[in-house]
There are 4 protein chains.
Amino acid sequence: MIAGIIGATGYVGAELVRLLCGHPEVNDLALSSTSFEGQLLSDVYPNFLGRVGTKLLKAEDLIGESDVVFAALPNGMAEPFAERCMDKGIPFIDMSADFRFDDDEESYKAWYGKPYTNRDLHKNSVYGLCELNRGKIQEKARPSGLLSAIDGGKPEALIVGNPGCYPTCASLAAYPALVKGLVGEGTIIIDAASGVTGGGRELLRAYHFPECNDSLTAYKVGAHRHTPEISRNFRKMESPEKNRDGAKEYPAQMENERPIIFTPHLAPMNRGILATLYIGLAQKYQISRHDGASPRPPTKEIETLEDDIRTLYTQFYQNEQFVRVLPKGLYATTGRVRLSNYCDISTHIDQSGRTLIVTAAIDNMIKGAAGQAVQNMNIIFGFHENSGLEYIPALF
Amino acid sequence: MIAGIIGATGYVGAELVRLLCGHPEVNDLALSSTSFEGQLLSDVYPNFLGRVGTKLLKAEDLIGESDVVFAALPNGMAEPFAERCMDKGIPFIDMSADFRFDDDEESYKAWYGKPYTNRDLHKNSVYGLCELNRGKIQEKARPSGLLSAIDGGKPEALIVGNPGCYPTCASLAAYPALVKGLVGEGTIIIDAASGVTGGGRELLRAYHFPECNDSLTAYKVGAHRHTPEISRNFRKMESPEKNRDGAKEYPAQMENERPIIFTPHLAPMNRGILATLYIGLAQKYQISRHDGASPRPPTKEIETLEDDIRTLYTQFYQNEQFVRVLPKGLYATTGRVRLSNYCDISTHIDQSGRTLIVTAAIDNMIKGAAGQAVQNMNIIFGFHENSGLEYIPALF
Amino acid sequence: MIAGIIGATGYVGAELVRLLCGHPEVNDLALSSTSFEGQLLSDVYPNFLGRVGTKLLKAEDLIGESDVVFAALPNGMAEPFAERCMDKGIPFIDMSADFRFDDDEESYKAWYGKPYTNRDLHKNSVYGLCELNRGKIQEKARPSGLLSAIDGGKPEALIVGNPGCYPTCASLAAYPALVKGLVGEGTIIIDAASGVTGGGRELLRAYHFPECNDSLTAYKVGAHRHTPEISRNFRKMESPEKNRDGAKEYPAQMENERPIIFTPHLAPMNRGILATLYIGLAQKYQISRHDGASPRPPTKEIETLEDDIRTLYTQFYQNEQFVRVLPKGLYATTGRVRLSNYCDISTHIDQSGRTLIVTAAIDNMIKGAAGQAVQNMNIIFGFHENSGLEYIPALF
Amino acid sequence: MIAGIIGATGYVGAELVRLLCGHPEVNDLALSSTSFEGQLLSDVYPNFLGRVGTKLLKAEDLIGESDVVFAALPNGMAEPFAERCMDKGIPFIDMSADFRFDDDEESYKAWYGKPYTNRDLHKNSVYGLCELNRGKIQEKARPSGLLSAIDGGKPEALIVGNPGCYPTCASLAAYPALVKGLVGEGTIIIDAASGVTGGGRELLRAYHFPECNDSLTAYKVGAHRHTPEISRNFRKMESPEKNRDGAKEYPAQMENERPIIFTPHLAPMNRGILATLYIGLAQKYQISRHDGASPRPPTKEIETLEDDIRTLYTQFYQNEQFVRVLPKGLYATTGRVRLSNYCDISTHIDQSGRTLIVTAAIDNMIKGAAGQAVQNMNIIFGFHENSGLEYIPALF
């Protein structure tokens, strides 16, 4: 099968190339680039020398040749390509924010400053957080459930909005707690840091080596575009039954968004996102206050609650091969998931017994972008979900 | 004047040497080291070649020669040296946790696993967060207020417990909000990251280059020893009048500690602490809820509140030469305070209008350790507070 | 097939595990560790969580279970294991220096301070620089040439001394020039730098993050143990016909060693070796001196020579899939071979037209250690030489 | 006194600001910037907040206000400013290459692509490698020798061409060997690496964090513009008597340039240059060949020669406060001179006894640029040579 990548010379595009080259079901790649059209990929990325000599096409020419199309373009450019793929019956996986908001045009417009031009596309798109929406994606891709890639059947055309890097990390960190009703009403705080590849290939002062090396900074405090995506994910996760009957009701204005605070930071490393979440426990899960002198519950009670929640997380993710709930004593660390599709998670209870602290680590370019896109392709086509994603991270 | 440093070959000790060498009032240094006694400092630290050839003495021999003594020892070892200095009438500035808890032996014991051996020492010690306790230190050092270093008068003997690195950063970040009553009742969250020098000179796996380079991790979640120090500082800051009459009352068990959650991280850089604080605003400072569809107040109202709080912070610190409240648009960044005694602070309001987010950056070895110790010495002796601390950070 | 790794918890051992897990012909691993015997590998290396749960055995117990044995031990410990493998007819690939000197016990002893205990083992061992000794390894492993792994035939027992990291990089950089007779009589200078993983897992001050981060240093100038290995390789390469008749003659004392100067440096990065070689050209290849004012030949002549030599290198390595001779305008860069088995090479002529400057980059842990060991295993067993080594490096 | 800096918003300009702020004789700064004219320096460099609020002027307006002018401009732009300063009798210190070649217009033109527009300026300029040309600078600045800054006398107008970063490091490394005649006729090889600030403030792909972090590369092999500057310095150093009678004669075309090979590398660190020099010893200093089996002289003889040369270097530099010849066992390391004006040097003899290997480290922005410029200012004005340059490097 041939995989097409529109925008193959951005960082996410280049990672897609790298991963798809090692995918057992992908025989060939069709690549496009506006800036480098006509050149070879290895002219732009010398790491591909001797491996990917593919010539960079116009995006238009690529679609016809491909069995699946990935678009790794700046936000706001995906619709026309999605439309063409739908017309031709080709699955379309979009790496930008354009298909992450389903039919909620208002949120998209508020944060990305642009209305939808073709609303129908968004009605049929699926948000591609695999662990959350695997079922939906499978359903759209193979409505009858009878055809499978193994039978040689092609999946239906569909549009997947591949999640943002921070939202992937934050959402996987909170998912079990939200879906199991552990979470109280308050604001969830997500304090996260990303490696510099998160800023992409564009040359900006903030990413000039001497100005970010050996230094840590916050940025876009309370104003990062990934905020509404995280917030929507959280709400969906705590209301899984919503689309059915008897769903929990929120005030209209809160229906789609969990109150959150999201603060991103820039860390002096190439890859990785580390998110630390502060999640207030629902009253019934909090350790009850004791009368007496101490403001804190006994250590033993905290440990028990901590063990219980770790067990709950571990069981929740036991069939997910890319989510690793860490054993006691370990903390999520970006270096240990580097270049892999893993999300490592550790859970902790604060000393007051009322807040769940979750740390989660992903490689922002893999599980946070290209890896999850390949995972989505695998789901769509009915391949083993880890095809092309078997890389084991090195510790160093 | 001669400054003595007990434990001059640890990282903090070595930084003290470096700073005191450039101090206009310090003519000579007396240095001690248990591990390297008899050697020259430059044998251990080749960066001092040609500059500090001082021989490393026994700690005992150093005290007699010094006009001020700094102790940069592991926790739990300072008391005997403090005692000797008090006997000899020499100011003693301790870099460990041993004198950071005043007479609150219980907290010290709970977190550092050791009782006090001489309680009287702690009754008379002062916690050396300069911006908070400048007055107290001056009072202890020059009770009459008539003598000054300029007159050649020597300060009284006193013990200063130099603050921890994280507590310094977190406390300066929260101080104006706490003292001005902006803060609500809830838990304050401090999410912070430190450079690897925070771990000191000891060779531990976590600080082996290949295992921490290009990687970010959380550690000691909810269990770091700086927690009670931060918590105490916050409580003191919000009850400044406490020691006088009419002070605000807290439940007995909360009297000394503000509920906080503190999560430290390890960042792949040499120096610096970046702390991000989430501080719930007191009801009256929150932006009032509007009826209607939006869960968020108008952007304009958030900006106004943000401006007001930035102004409040700026005015509060206007006479502090080492605290810089950043203008709108800038975020605290460790690289911009590297090697300096500055604490840079930026303030933000989250989009719900209810939480104050503060980011603060210091160099953990300078304002977070050796620099603040020198600042304390300056206060004790009545020198210009920035003597020896004039270094301007480089951006790169 | 089952691969055994003695010393699986050192850095090189852990890399072998990682690579062999992805090897299509390896079904299982048997791992040993002296320090962590009885634990799981993932207890020591959390990056393996969910992937390699193998229990760490005694080395003795591992040999019986394995079809091939890798030893990743400190220098001086391999002989007894090699002996046992030879007895049992199992190929043995040694990562230490113990089998890199063939029967030249004198050199080994001079540099590693230890005599051989079983000389016969060394008579039959092969030095495993694949590009140089592929033929010899194949010959030893399958003497008849009739049996192949595809036929299910097992290879003969043999011992491979896997090359050092610096020697691999330096030797591949010089090989075409030496074998083609381009090189003059003078000393070849190798100026190289390694990432910190080169120092292994042991906690040494030089590898403590704050003391090597953001800093570059030379070390062991003129005294690094890889010197004689490089020197021997160079001599072998320029006298390929030596073991046959009519070989070039060198003075007895120079017969085995090319005069070289090798200076290693430590660079603040995890992985990678960059070597820059200064190779005096043989008279006939130098650009001839022109009479007249300029001390330098015309740029055009330099460019022509440069093109010729690049072509020669390119052709020489055209069938080597792991050596990439870079096109004009590119320089070898460690980041572009990171985690891969590639050696990237660029060739240049200095402005006097008399010196060939070669830059070469490898990942010290892969082509410089574990990757090349797997390549050797592939050669021994007749697998595709890139089996398990298909990883494409990322640029970032 | 007022110091003017033309081009204060480049990296070198900003470093000059930082150093001059701490200079005891400088009362005020006048700063110019073409790109940021009218803004405050701290708007461009937030590290200066609270310290340098100076408004950025037009270069033209600055000259009249200044007692000394530094120009930190791109190459090829200094002449008109130099001219104006000469007219007004103000010392002019140029950080670009424009005044590094004295009256050798040909070399300048060959490497920088531009002729001189005012040759007279270059006849009177001095090359500002302080350790080499201190005397010349003093002579030009105070011809009578009677006036001194202490007497309030102003120095004469003069132009100093501040050396390049690589040439400073390489030249100090070779100086004692060259001037003492230790060096043979052959080519001297300089293999050096620089931190990324060496590339300045301009946003180039090579300096984009994700593409240079954790990676090492060579660049401009045999073609770096610092080559002729190094080469000229070496020739001057080995012919100190040249300008007098009886000077050593070289062939016309070699009169000004020592044959050298210079290879720069880019290392993943902010600051620092590490240069490793390979200098063939003159015959009489080589350890004589012994008959017999060994290709190498006895270790003892090498050590003796090594000690002799270290002593020679140490004595040569004993009165230079910014050059530190390291004791036996230490290697030059950029981290140990970081942010300081030091040049650390270590000397070694290769195992054949014929090549002197020198490693030298500087901070490229300080001794390699702004620091040396301040040192030149101190020489010109008769200040203590270390005024404003007392910073002791931190090890970490």
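1. Chain D and chain A meet through 12 residues of chain D and 12 residues of chain A, where two residues are in contact if their C-beta atoms, placed from the backbone, lie within 7 Å. The side of chain D that touches chain A has six nonpolar, four polar and two charged residues. In this classing, Ala, Val, Leu, Ile, Met, Phe, Trp, Tyr, Cys and Pro are nonpolar, Asp, Glu, Lys and Arg are charged, and the others, Gly among them, are polar.

2. The model is predicted: local features need pLDDT of at least 70 and side-chain atom pairs count only at pLDDT 80 or more, while totals for chains, interfaces and linings use all residues. Residues are numbered from 1 along each chain as its sequence is written, with chains lettered from A and ligands numbered from 1 in the order in which they are written.

3. Between chain C and chain D, 46 residues of chain C are in contact with 46 residues of chain D. Elements of chain C that each supply at least two residues to this side include strand 8 (188–194), helix 9 (209–212) and strand 14 (355–362). Helices (H or I, at least four residues) and strands (E, at least two) are DSSP runs, numbered from the N terminus. By class, the side of chain C has 23 nonpolar, 18 polar and five charged residues.

4. The domain assignment of chain A, automatic or from a database, gives domain 1 (2–161 + 369–381) and domain 2 (166–364). Their centres, taken over C-alpha atoms, are 27 Å apart. Contacts join 15 residues of domain 1 to 17 residues of domain 2. Helix 12 of chain A gives the largest share of the domain 1 side, four residues.

5. Chain A also has an open sheet of seven strands, order 3-2-1-4-5-7-6, with parallel pairing; strands pair if DSSP finds at least two bridges between them. Strand 3 (56–57) and strand 6 (126–127) of chain A are the edge strands. Four bridges join strand 1 (residues 2–6) to strand 4 (residues 68–71) of chain A.
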